[in-house]
Amino acid sequence: MTPNKVFIAITAAVVLLICSLSFFTVQEGYAALILRLGKIVKVSKTGEPDVLRPGLHMKIPFIDDVRILDMRMQELAATGSRSLTVVTKEQTYLVVEYFAKWHISHLAQFYTSTGGSINWAETLLEQRVNDIVRAEYGRRTSDQVISSGRAGLMTAIREQADNVGKDQGINVVDVRIQQITLPRDVMDSVFRRMETERKQFAEAKRAEGIEKSEEIKALADQKATVIKATALMQGAAVRAKGDLDAAQIYAQAYNANPSFYAFYRSLQAYENSFANKTDILVLKPEGQFFNYFHNAGSNAINKK
């Protein structure tokens with residue numbers, strides 16, 4: 001290879017290197033600052049920092065340094081292990097989980113205050129929002145922060161968070177409370193108390209039910225006793241009337257023909273006495289029992 005070709009190749013490589021170091025691209029959703037010897041490059045006419053928007057830009061190699069920062073919406077989430085413990089007006093401890101939406105509003109100010117670190121900016125913002133949340137919860141009762149005054153609480157936190165973020169060059173768009181719970185030790189104590197109260201309530205209801213059951217059973221037994229007694233009384237009355245009617249019928253029948261009635265009763269007595277052939281009766285033949293046996297022949301002759 002000739003010296004001219006070598007020189008041309010070296011020159012081309014240097015030019016390509018300078019071009020690669022001179023041009024850079026800013027993606028959509030990002031913005032950039034040029035630091036020249038450690039200082040932010042400013043627009044000569046206005047004196048404001050030169051903020052580079054998305055597109056192709058140029059810098060001076062080895063002198064300028066580029067800081068490209070994300071201008072999109074960011075989310076700060078204080079959840080899980082990062083959740084916040086607050087104390088309400090009546091000294092009740094609560095665990096609050098929240099999230100905040102924010103973005104960079106002033107790029108140069110953001111870089112100056114945080115060094116261009118998103119993590120450092122979130123750390124500073126979280127500390128300030130935590131202080132605001134604690135202060136606002138401390139001014140309110142548990143009922144207000146959970147139900148009645150929740151909207152006013154959210155508005156106050158959001159407005160104050162937006163103000164504290166301006167000196168960092170960021171804009172806090174929204175702050176939302178995701179969840180409010182009791183601390184673990186307090187929650188366990190509350191659950192144990194609730195369990196005890198529920199057991200006491202269940203035992204009271206069970207005792208009340210047993211008492212009602214005994215009352216119903218006693219009332220039913222009383223009614224059953226009264227019904228049985230009434231039935232027995234009515235049955236006895238019916239039987240007595242039946243016995244009276246039967247006695248009257250027997251008396252009427254006896255009075256109608258006393259001799260036939262006496263003969264009929266004697267026949268029943270004979271039938272019952274001689275029903276079993278193995279029975280033995282030791283009686284005098286002249287007794288009243290055999291009266292119709294003695295008179296049977298004469299009665300037959302008289303009938304003839």
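The legends below describe several close-up views of a predicted model.

**Figure 1. The whole chain, as an overview of the predicted model.** The protein contains nine helices and ten strands, and of its 304 residues 24% count as buried. The protein exposes about 21,100 Å², of which carbon and sulfur atoms supply 58%. Among the contacts between residues at least 6 apart in sequence, 66% join residues at least 24 apart.

**Figure 2. Strand β2 and its pairing partners β6, β4 and β3.** β2 is mostly covered, with five of its seven residues buried. With β6 it pairs in the antiparallel sense over seven bridges, and within this pairing A32 stands opposite I68 of β6. β2 also pairs in the antiparallel sense with strand β4 (residues 51–52), here over two bridges, and the partner of L33 in β4 is V51. Two further bridges join β2 to strand β3 (residues 39–40), and these strands likewise run antiparallel; L35 stands opposite I40 in that pair. The hairpin of β2 and β3 has two residues between the strands, and in this hairpin L37 takes a positive phi near 55 degrees. As background for reading such a view, in a regular strand the side chains alternate between the two faces of the sheet.

**Figure 3. A salt bridge between R36 and D64.** Side chains of opposite charge can pair when their charged atoms come close. The side chains of R36 and D64 meet in this way, with 2.7 Å from N to O. R36 belongs to strand β2 and D64 to strand β6 (residues 64–70), so the pair ties together parts that are 28 residues apart in sequence. At 36% relative accessibility R36 counts as partly exposed, whereas D64, at 6% relative accessibility, counts as buried.

**Figure 4. Helix α2 and its buried residues.** In helix α2, which covers residues 107–114, the buried residues are L107, A108, F110, Y111 and T114. Seen down the axis of α2, these buried residues fall within an arc of 165 degrees, so they line one face of the helix. The helix is followed by G115, whose phi is positive, near 70 degrees.

**Figure 5. The largest nonpolar core, with W102 and Y137.** This core has 34 residues, and W102 and Y137 are those with the most contacts inside it. At least two residues of the core come from each of β2 (30–36), β7 (74–78), β8 (84–87), β9 (93–104), α2, α3 (118–138), α5 (150–165) and β10 (170–181). Apart from this core lies another, of seven residues, among them F24, V26, A32 and L52. When its neighbours within four places in sequence are left aside, Y137 is in contact with V86, V87, T88, K89, L94, V96, V145, L153, I177 and I180.

**Figure 6. The loop between β8 and β9, with Q91.** Most residues other than glycine have a negative phi. Q91, which has its place in the loop between β8 and β9, has a phi near 65 degrees, a positive value in a residue other than glycine. At 59% relative accessibility, Q91 counts as exposed.

**Figure 7. Salt bridges around E136 and R139.** The side chains of R139 and E136 meet in a salt bridge with 2.8 Å from N to O. R139 counts as exposed, at 52% relative accessibility, whereas E136 counts as buried, at 5% relative accessibility. E136 and R139 are also linked with R140 in a network of salt bridges. For the model as a whole, the count comes to 13 salt bridges.

Figure 8. D245, at 29% relative accessibility, counts as partly exposed, while K241, at 52% relative accessibility, counts as exposed.

Note on methods. Residues numbered from 1 in each chain as written. Predicted model: local features only at pLDDT ≥ 70, side-chain atom pairs only at ≥ 80, totals over all residues. Heavy atoms only, no water. Buried < 20%, exposed > 50% of the residue type's maximum accessible area, 1.4 Å probe, protein only. Helix = DSSP H or I, 4+ residues; strand = E, 2+ residues; numbered from the N terminus. Arc of directions from axis to C-beta. Core = buried A, V, L, I, M, F, W, Y, C linked by side-chain atoms within 4.5 Å. Contact = heavy atoms within 4.5 Å. Salt bridge = Lys/Arg side-chain N within 4 Å of Asp/Glu carboxyl O. Areas by Shrake-Rupley, 256 points an atom, 1.4 Å probe, with all protein chains shown as cover. Pairing = 2+ DSSP bridges.
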